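Please open the model in a viewer with the sequence panel alongside it.

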Amino acid sequence: MDLWVTEYQTPSLGFSCKVRETLRYEKTEFQELSVVETEQFGKMLLLDGMVQTTEQDEFVYHEMITLVALNSHRNPEKVLIIGGGDGGTLREVVKHPAVSQATLVEIDERVVIASKDFFPDLACAFSKPKAEVLIADGIDYVKQQHQSFDLIIVDSTEPVGPAIQLFSREFYQSVYDALKDDGMLVVQSESPFYNQNVIKMAFGGINQVFPLTRLYLANIPTYPSGLWSFTVGSKLYDPQLPSCSYSQGCKYYTPEIHQAAFQLPAFVSRIIE
């Protein structure tokens, strides 16, 4: 009998992968966590039934949520990551030569443990000298900071349950206060095809707080529709104008991709008008 895992990306659409083996299933304090071995994408991590990352395509998301801002900021020495317990975003951040310290704040320790157990290529940065990993509520942590970071990356799940606060104007104001005078914020802001309301919520909230707000896109096969958006809020630097071309070892990001990612299809531009 074939075994399949299905993420219901909309009430009318499911994304299914054939599964060789279920490696872990548990209900953590915060969510349902699953790790499965799929035939198409290798190991896959799901939270509350939603695909978070896979071995085969994780590099797209993790390179694009990090390097666009890292290469646009003039001196991104101190970086804060909210969420991202799988470690992929942290991996890309600590590799960047300008970064001296990266702090990851993840609320669910079981995500970190699952990554260590099943995704060594993602978890490899947890023990790096530049890295600090805290098991805590990222929203509370940000409120305690004042002009402490050059870059803050919100590597969150979809805006449901407690995570919806990560898409609020109040949270974006806390992030603004936690950033230095030339600081930048990056958030994942979902699919232009299926989650236009989320893009409006993220872009609109950030635009109310930051002087400069930009949206850019990347293609990620296992995320809803395959077309994914990220939103940048900047106090000073324009993320469309990189000052650095670092891309060593990248599989997706290039300086040319950096520029092209901001060239939005007409229907996407209309979402943020």
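Begin by selecting glutamate 190, which counts as buried in this predicted model, its relative accessibility being 2%. This glutamate 190 is found in the loop between β10 (179–188) and α7 (196–209). Its backbone deserves attention too: glutamate 190 is not a glycine, yet its phi is positive, at about 75 degrees. Most residues other than glycine have a negative phi.

Next, select serine 225, which lies in the loop between β11 (212–219) and β12 (227–234). Here again phi is positive in a residue other than glycine, with a value near 75 degrees. Is serine 225 buried or exposed, or partly exposed? With a relative accessible area of 31%, serine 225 is partly exposed.

**The whole chain**

Along the principal axes, the C-alpha trace spans about 55 × 45 × 35 Å.

Of the 273 residues in the protein, 58% are buried. The protein exposes about 11,600 Å², and carbon and sulfur atoms supply 48% of that area. Among contacts with a separation of 6 or more, 66% are accounted for by residues 24 or more positions apart.

Colouring by charge gives another view. The protein has 21 positive and 35 negative side chains, and the centres of the two sets lie 3 Å apart.

Side chains of opposite charge can pair when their charged atoms come close. How many salt bridges does the structure hold? The structure holds eleven salt bridges, and the following selections visit some of them.

Select aspartate 2 together with lysine 18. These two form a salt bridge, in which the closest N and O atoms are 3.5 Å apart. The pair links distant parts of the chain: aspartate 2 belongs to the segment before β1 (3–10), while lysine 18 is in strand β2 (residues 13–27), 16 residues apart.

Lysine 18 counts as partly exposed, at 28% relative accessibility. Glutamate 39 likewise counts as partly exposed, at 42%.

**One place back along β2**

Cysteine 17 counts as buried, at 4% relative accessibility. Which residues does cysteine 17 touch, not counting those up to four places away in sequence? They are Leu3, Trp4, Val5, Thr38, Phe41 and Met44.

Cysteine 17 and glutamate 77 are 60 residues apart in sequence, and their C-alpha atoms are 40 Å apart in space.

Select Glu58, Arg91, Glu92 and Lys95, which are linked in a network of salt bridges. Within this group, display glutamate 92 and lysine 95, whose side chains meet in a salt bridge of 3.4 Å, N to O. Why are these two separated by about one helical turn? The reason is that they stand three residues apart in helix α2 (residues 88–95). Glutamate 92 is buried, with a relative accessible area of 3%, whereas lysine 95 counts as partly exposed at 37% relative accessibility.

**Last stop: helix α3**

Finally, select serine 115, which lies in helix α3 (residues 109–118). Serine 115 is buried, its relative accessible area being 1%. To see its surroundings, display Gly85, Asp86, Pro120, Leu122, Ala123 and Phe126, the residues in contact with serine 115 once its neighbours within four places in sequence are left aside.

Notes:
Residues are numbered from 1 along each chain as its sequence is written. This is a predicted model: local features need pLDDT of at least 70, side-chain atom pairs count only at pLDDT 80 or more; totals for chains, interfaces and linings use all residues. Side-chain values use heavy atoms; hydrogens and water are left out. Helices (H or I, at least four residues) and strands (E, at least two) are DSSP runs, numbered from the N terminus. Buried means under 20% relative accessible area, exposed over 50%, partly exposed in between (1.4 Å probe, protein chains only). Contact means heavy atoms within 4.5 Å. A salt bridge is a side-chain nitrogen of Lys or Arg within 4 Å of a carboxyl oxygen of Asp or Glu. Accessible areas come from the Shrake-Rupley method with a 1.4 Å probe; for residues, only the protein chains shown count as cover. Lys and Arg count as positive and Asp and Glu as negative; His and the chain ends are not counted. The place of a charge is taken as NZ of Lys, CZ of Arg, CG of Asp or CD of Glu.
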